[in-house]
Amino acid sequence: MHALKGILAAIGNTPLVELERLIPDSRMRVFAKLERFNPGGSVKDRTALSMLLEKIRSGELQPGRSVVVESSSGNLAVGLAQICRYFGLRFVCVVDAKTTEQNLAILRAYQASVEVVTQPDPDSGEYLPVRVRRVRELVANTPHAFWPNQYANPRNPLAHRQTMGEIVDALDGSVDYLFCAVSSCGTLRGCADYIREHGLTTKIIAVDAVGSMIFDGQQPIERLLPGHGASLRPGLFDPDAADEVIHVTDLECVAACRRLTAREAILVGGSSGATVAALERRSPTIPEDANCVLIFPDGGDRYLDTIYSDEWVRGRFGEASHLWKEAAGGDQA
């Protein structure tokens with residue numbers, strides 16, 4: 001037996017699974033990197049560990065004294081909360097009204113202090129600027145506070161060089177297309193850095209939300225699903241990281257999540273659904289012998305009251321079940 005030493009040793013080395021039913025009658029191969037198998041349930045576990053571990057080892061963060069303060073829509077908060085609880089660090093997280101009740105319950109179970117921003121920024125109509133302002137206030141007024149700042153911390157993308165390395169190793173270097181949802185740009189930037197450093201020909205498709213301000217050419221609109229897209233361009237943004245950008249709507253994400261469940265029996269969150277929707281849109285122009293990898297940042301169990309709730313979907317998009325009914329063989333309402 002080879003037991004891991006502590007729960008944090010389980011971060012990384014997540015499964016890469018071939019999706020044989022997602023795109024019917026296609027000869028391209030599609031793989032999903034299932035980041036829900038990190039112990040905190042998402043790809044953000046990698047980011048959280050990378051941003052904190054060096055500070056802990058150097059003594060800059062000290063149990064019983066230091067306070068970690070961060071802004072998050074949910075998944076990074078859970079990753080940080082688990083790590084802070086493991087090392088005995090106090091954690092204060094600023095979230096917003098889009099954060100799921102499941103994530104809030106998990107944060108409180110880890111004994112994190114949670115502040116929920118309920119009013120969006122009056123100029124942009126978005127929560128992120130308000131969250132960041134509140135983090136700055138807390139850091140300025142809290143002794144021994146540390147802000148990891150996922151939006152600008154170079155150790156965020158550094159963590160995802162390993163993510164890409166795991167994908168490349170699993171496919172013996174044969175990765176033709178990588179579909180990656182974007183928010184802080186950490187995963188995108190880290191994967192792109194790995195591809196450049198190793199001279200790979202992988203084409204990176206960045207998947208963003210319609211109404212997000214990360215890339216040019218978008219007008220801000222209300223977005224219902226957390227996890228991808230941003231109302232501010234993050235400091236980690238690299239205009240050359242992606243070969244192509246595909247913007248998807250909230251409804252496209254929901255429908256893609258439902259089709260994925262019907263065809264592959266995999267529950268994922270909205271940002272994973274975004275990559276599925278992007279692949280479906282792009283698939284007619286992808287060579288039939290290509291290897292395509294989708295990074296699924298988290299699972300769907302934290303979205304049962306939204307993406308997988310027929311009532312929630314109807315209330316926001318109207319009757320839309322025809323978008324995934326055929327994939328379920330007519331059995332799903």
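Residues are termed buried when their relative accessible area is under 20%, exposed when it is over 50%, and partly exposed in between, with a 1.4 Å probe and protein chains only. The structure is a predicted model, in which local features need pLDDT of at least 70 and side-chain atom pairs count only at pLDDT 80 or more, while totals for chains, interfaces and linings use all residues. Residues are numbered from 1 along each chain as its sequence is written, and side-chain values use heavy atoms, with hydrogens and water left out.

The protein chain contains 10 helices and 10 strands, these being DSSP runs numbered from the N terminus (helices H or I, at least four residues; strands E, at least two). The C-alpha trace spans about 60 × 45 × 45 Å along its principal axes. Of the 333 residues, 57% are buried. Among contacts (heavy atoms within 4.5 Å) with a separation of 6 or more, 70% are between residues 24 or more positions apart.

The accessible surface of the protein chain amounts to about 14,500 Å², and carbon and sulfur atoms contribute 48% of it. Accessible areas come from the Shrake-Rupley method with a 1.4 Å probe, and for residues only the protein chains shown count as cover. The protein chain carries 35 positive and 42 negative side chains, with the centres of the two sets 5 Å apart. Lys and Arg count as positive and Asp and Glu as negative, whereas His and the chain ends are not counted; the place of a charge is NZ of Lys, CZ of Arg, CG of Asp or CD of Glu.

An open sheet of 4 strands has the order 5-4-3-6 with parallel pairing. Strand 5 (113-117) and strand 6 (145-146) stand at the edges with a single partner strand each, so one side of each has no neighbour in the sheet. Pairing requires at least two DSSP bridges between two strands. Strand 3 (residues 67-71) and strand 4 (residues 90-96) run parallel and are joined by 5 bridges, with V68 having F91 in strand 4 as its bridge partner. F91 is also among the contacts of A77, which, leaving aside neighbours within four places in sequence, touches S72, F91, C93 and L107. A77 is located in helix 2 (residues 75-87) and is buried, with a relative accessible area of 0%. The C-alpha atoms of A77 and D45 are separated by 9.1 Å, the two residues being 32 residues apart along the chain.

Strand 7 (residues 177-181) runs parallel to strand 8, to which 5 bridges join it; Y177 stands opposite K203 in strand 8. In strand 8 (residues 203-209), 6 of the 7 residues are buried, so this strand is largely enclosed by the rest of the structure.

Most residues other than glycine have a negative phi. D172, although not a glycine, has a positive phi of about 50°. D172 lies in the loop between helix 5 (155-170) and strand 7 and is exposed, with a relative accessible area of 74%. A positive phi, near 75°, is also found for C185, a residue other than glycine. C185 belongs to the loop between strand 7 and helix 6 (186-197) and is buried, with a relative accessible area of 4%.
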